[in-house]
Amino acid sequence: MKEHSVTIYDISEQAGVSIATVSRVLNNSNNVSEATKKKVLDAIKNTGYTPNAFARGLGLNTMKTIGILAADSSDLYLAKAIYYFEENLRNNGYDSLLCCTGYALKDKKAAIDLLISKKVDGIILVGSNFVYPDACDNKYIINAAENVPVMLLNAELEGNNIYCVSSDDYKSMYKATGELLSSGIKNILYFYNSLSYSGALKERGFRDAMKDAGINVSERQLQYFEGAREDIHGMMAQLDKVASGGHKFNGVIAADDTLALSAVKYAKSKGYKIPEDFSVIGYNNSMLASCSDPELSSIDNKLETLCQKLTEALMGVLSGEEMPKKTVFGGELIMRETTRKKK
């Protein structure tokens with residue numbers, strides 16, 4: 001018979017207290033009565049539970065290490081997030097283990113299982129591509145959270161011991177689309193390269209802003225680029241194909257700055273004046289925004305703040321504090337030289 005792995009949830013249930021209370025006991029917190037502490041310790045003894053993630057105060061089996069999962073560390077957004085997390089964790093006395101999983105579900109499952117086997121104290125999932133529309137595909141996250149706290153950056157998933165910090169991609173994209181419309185740009189194309197949770201929010205924000213302005217969105221206005229993230233010329237070729245096929249557009253809102261940069265290069269190759277004839281808005285406000293000529297207007301999704309708050313939430317959970325399960329921050333459109341002013 002397969003032996004059942006005892007988790008902090010088993011201790012919580014047997015002792016009749018919350019997970020946070022169990023954590024406080026394991027961290028020798030003073031905010032627990034002696035009677036409650038005895039119940040928790042008795043449950044630990046009876047079940048044979050060996051703490052790891054929540055045992056910092058007891059000094060048992062803790063590795064002082066956090067696992068970080070990212071699909072692709074060459075992606076500018078993900079790379080910057082990894083940098084912020086590693087810096088924040090070091091400042092809190094933690095090391096980190098990084099796994100670059102790629103985008104296949106089986107590889108994400110394997111990576112998260114590997115980190116659990118290494119007895120990390122918590123896991124950070126960087127980016128919304130770890131969460132799937134089908135609930136069955138998210139069981140690997142739910143299962144991992146039975147052992148350690150799982151922190152999601154820019155994604156949402158409900159479950160015990162799962163905490164989410166994200167940017168409001170829907171509202172940011174809605175506002176950016178409205179900004180472009182109010183400047184007189186009506187024939188807007190939405191250019192994207194991700195079908196993730198965040199990507200779906202961005203697309204819906206674009207659609208709703210256009211709809212509320214009385215503009216019907218055709219499928220040709222939604223251009224999904226399937227090529228490599230660094231294939232700028234391939235992106236330009238796709239935009240050229242759309243225009244050559246008879247769909248004229250004088251504005252592009254892109255799901256990231258790389259796509260937006262390709263739109264700028266496309267417009268310049270056609271002799272359009274930017275922003276007078278052609279306007280572009282990117283997303284993530286990466287270093288590409290300032291490197292572009294002209295400089296790129298882009299949505300700043302406050303990545304540094306998101307990473308800082310997610311790290312703070314993780315440290316709070318590991319210390320036995322009650323932390324919010326979901327925190328959402330608003331983004332900000334940074335206006336530069338690729339968008340014209342409102343009419």
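In which segment is the place of T338? T338 is found in the segment after β12 (332-334); strands (E, at least two residues) and helices (H or I, at least four) are DSSP runs numbered from the N terminus. The model is a predicted one, in which local features need pLDDT of at least 70 and side-chain atom pairs count only at pLDDT 80 or more, while totals for chains, interfaces and linings use all residues. Residues are numbered from 1 along each chain as its sequence is written, and side-chain values use heavy atoms, with hydrogens and water left out.

T338 counts as buried because its relative accessibility is 0%; buried means under 20% relative accessible area, exposed over 50%, and partly exposed in between (1.4 Å probe, protein chains only). A polar atom of the T338 side chain lies 2.6 Å from the backbone oxygen of V280. Leaving aside neighbours within four places in sequence, the residues in contact with T338 (heavy atoms within 4.5 Å) include V264, I274, F278, V280, P294 and L296.

**The chain as a whole**

The protein chain comprises 12 helices and 12 strands. Its C-alpha trace spans about 75 × 40 × 35 Å along the principal axes. Of its 343 residues, 50% count as buried. Among contacts with a separation of 6 or more, 72% are between residues 24 or more positions apart.

Helix α9 has 13 residues and reaches 18 Å from its first C-alpha to its last, close to the 18 Å expected at 1.5 Å a residue; the expected span is 1.5 Å times one less than the number of residues. Its buried residues include I232, M235, M236, L239 and V242. The buried residues of α9 pack against β6 (188-192), β7 (222-224) and α10. After α9 comes G246, which has a positive phi near 105 degrees.

In helix α7 (residues 169-182) lies G178, which is partly exposed, with a relative accessible area of 30%. The C-alpha atoms of G178 and A209 are separated by 6.1 Å, although the two residues are 31 residues apart along the chain.

**Aromatic rings and charges**

The structure holds 10 aromatic pairs. Rings of Phe, Tyr and Trp (its six-membered ring) pair if their centres lie within 6.5 Å; planes under 30 degrees apart count as stacked, over 60 as edge-to-face and the rest as tilted. F249 and Y266 form a stacked pair, with 5.9 Å from centre to centre and 25 degrees between the planes. This pair links distant parts of the chain, 17 residues apart: F249 is in the loop between α9 (232-244) and β8 (251-254), and Y266 is in helix α10 (residues 257-269). Elsewhere, Y190, Y192, F206 and Y224 form one aromatic cluster.

A charge sits over a ring if NZ of Lys or CZ of Arg is within 6 Å of the ring centre and within 35 degrees of the ring normal. K64 lies over the face of Y94, at 4.3 Å from the ring centre. The charged end of K202 sits over the ring of Y283, 4.1 Å from its centre.

**Cysteines**

A search of the whole structure finds 0 disulfides, a disulfide being a pair of cysteine sulfur atoms within 2.5 Å. The sulfur of C136 is too far for a bond because the closest cysteine sulfur, in C164, is 19 Å away. C307 is likewise in no disulfide, and its nearest cysteine sulfur, that of C164, is 14 Å away. C307 is buried, with a relative accessible area of 0%.

Methods: A polar contact is a pair of N or O atoms within 3.5 Å; within protein, one must be able to donate a hydrogen and the other to accept it, and residues adjacent in sequence count only if both atoms are side-chain atoms.
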